[in-house]
Amino acid sequence: MTRTPAASPAPPPGAYPSAVETGGAAARRFHLRHGRVLPAIDPAAGTTAPKHHPGAPVLPLPFPPDFAPARTGGRHPAAFPEPLGALLALINGVTRIDWTGTGASAGRPVPSGGGAYPGEVYLATPSGLCHYLPSVHALEVLSRADQRTSVIHALKQPPSDAPELAVLITSRLDANVARYGPFGHRLQALDTGVLTGQALALLESAGAGPTAHACFSGEELGRLLGLDARAELVHAVITARTPHALAPGTALLRRRTARAGFEPAPVPLPALLAVLAEAAGPVPLDHAPPAPCELYVVAHRVTGLDTGCHRRDRRTGRLVPVTPDATPRDLFPPGGPGELAGFEAAFAVLVTGDYESGYPRFGDRWYRMLNLRAGVVGQRLGLAAARHGLGAGLRCDVDTAAADELLDAGPERTTLLAALFGHERGSGTPVCHLLSEKDLP
Ligand SMILES: Cc1cc2nc3c(=O)[nH]c(=O)nc-3n(C[C@H](O)[C@H](O)[C@H](O)COP(=O)(O)O)c2cc1C
């Protein structure tokens, strides 16, 4: 059974990407107008409901899922439903209950700007094509036929060996725009990058050799999934072999935002360097970036490192001083919530990139590709912080112009995403884990 065909593309006003390819002109315009500054957020504006496919058969998955493929009675780990439950729960499932000032909320292994979760996860396996419903931990079956060949056909750089599994990550275009306006489209690219980062971390740790693809025919994949191109677009496809047991110590369930703020206490330099090293490794994407995503550190309370902005040298891993005396507080507009968080944080990491370097080769799509890459690095930072016992939180509310001034790297290099780190205050906000790390192998 294939789903209803996608409607002809007619993006909503202010949407990115534009309907026609402009070689980067439309993306450049969008960024200047909407992408650089987080607008005043309407706190009363909600986020839209997650996607579901009316009429598709729903297969409930057992919860808690079985994390050990060996215990699944010899069934093919890439066949659904049961064995895929673990994979999906760890990518985007509801894995904890968080209590915050506004009440209890469903916590996930991945962060999302404003908790809007615009990303949706689809799977193509030998058993068919399905969409994951995180809130009920179930699959919607879109097709019982093996659609992997069609997925691979749409990729610009198909893998040399036919993959066992393809994870398709889409974004709902309206998910966060009521609250963030058109800036929401950039946030969506970062968010789907975060999901891509989690899927890569999980599949890498399960020995499945994943590659994330950002270059593909979105029309072909949208048609395959039955998407209305005005409402939902494919952002990434991750191809992989059959996942095996997870390597221990992945911290895939431990990451969460340090909501209680940070103790103004120092972090030792080796912990900072370890977090950076984990985040800075090569990202298995289907394209090489024309200019690298450099990492910068703005240190305030790091034992053994001067206060100020430092660039991480990609070759040596060493921190090169760039702008003395700057602190994370300087990254945020005065009087906003970021200023206090920045004041308390021990250090900030800035993920930076160069939009102009990629437009000639990739066109408008490069804008989304670069933000997707930054999201992958952002998720790696969060996972690395969890592994090293640090509190962390991603931030898109930095004053980009102020941050870029600290980089002292010319007009083209800009801050894509920031993350704050430190020791989370007290024992953090109350949390109830629905899945336990001890269930992971
Ligand atoms: C791309 C991105 C940008 C974010 N920006 C901010 C921000 O500016 N301020 C903030 O407090 N939290 C920010 N967050 C964190 C989210 O609010 C948080 O991930 C979400 O509420 C879910 O909570 P959790 O991370 O504890 O699972 C951001 C998250 C992402 C993925």
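## The ligand and its shell

Of the 19 residues around the ligand, those that come nearest are Arg-96, Pro-111, Arg-255, Thr-257 and Arg-259; a residue is near a molecule if one of its heavy atoms lies within 4 Å of it. The model is predicted: local features need pLDDT of at least 70, side-chain atom pairs count only at pLDDT 80 or more, and totals for chains, interfaces and linings use all residues. Residues are numbered from 1 along each chain as its sequence is written, and side-chain values use heavy atoms, with hydrogens and water left out.

The shell around the ligand consists of 7 nonpolar, 5 polar and 7 charged residues. Here Ala, Val, Leu, Ile, Met, Phe, Trp, Tyr, Cys and Pro count as nonpolar, Asp, Glu, Lys and Arg as charged, and the others, Gly among them, as polar.

A polar contact is a pair of N or O atoms within 3.5 Å. In Arg-96, a polar side-chain atom lies 2.9 Å from an oxygen atom of the ligand. For Thr-257, an N or O atom in the side chain is 2.5 Å from a ligand oxygen atom. Leu-394 takes part through its backbone, where an N or O atom lies 3.3 Å from a nitrogen atom of the ligand.

The ligand taken alone exposes 620 Å², and the protein buries 86% of that; accessible areas come from the Shrake-Rupley method with a 1.4 Å probe. Two or more residues of the shell come from each of α5 (183-205) and β17 (391-395). Helices (H or I, at least four residues) and strands (E, at least two) are DSSP runs, numbered from the N terminus.

## Two domains

The chain is assigned domain 1 (50-240) and domain 2 (262-424), with bounds from an automatic or database domain assignment. Each of these domains gives at least three residues to the shell around the ligand.

The C-alpha centres of domain 1 and domain 2 lie 26 Å apart. Their contact (heavy atoms within 4.5 Å) takes 30 residues from domain 1 and 22 residues from domain 2. About 2000 Å² is buried between the domains, and carbon and sulfur atoms give 63% of this area. Buried area is the accessible area (1.4 Å probe) that two parts lose on being put together, summed over both. Arg-186, Leu-190 and Ala-214 supply 28% of what domain 1 buries against domain 2, more than any other three residues.

## Backbone details

Phe-63 and Pro-64 are joined by a cis peptide bond, with omega about 0 degrees. Pro-64 is in the loop between β1 (58-60) and α2 (82-92).

How values were computed
Polar contact = N/O pair within 3.5 Å; in protein donor to acceptor, adjacent residues only side chain to side chain.
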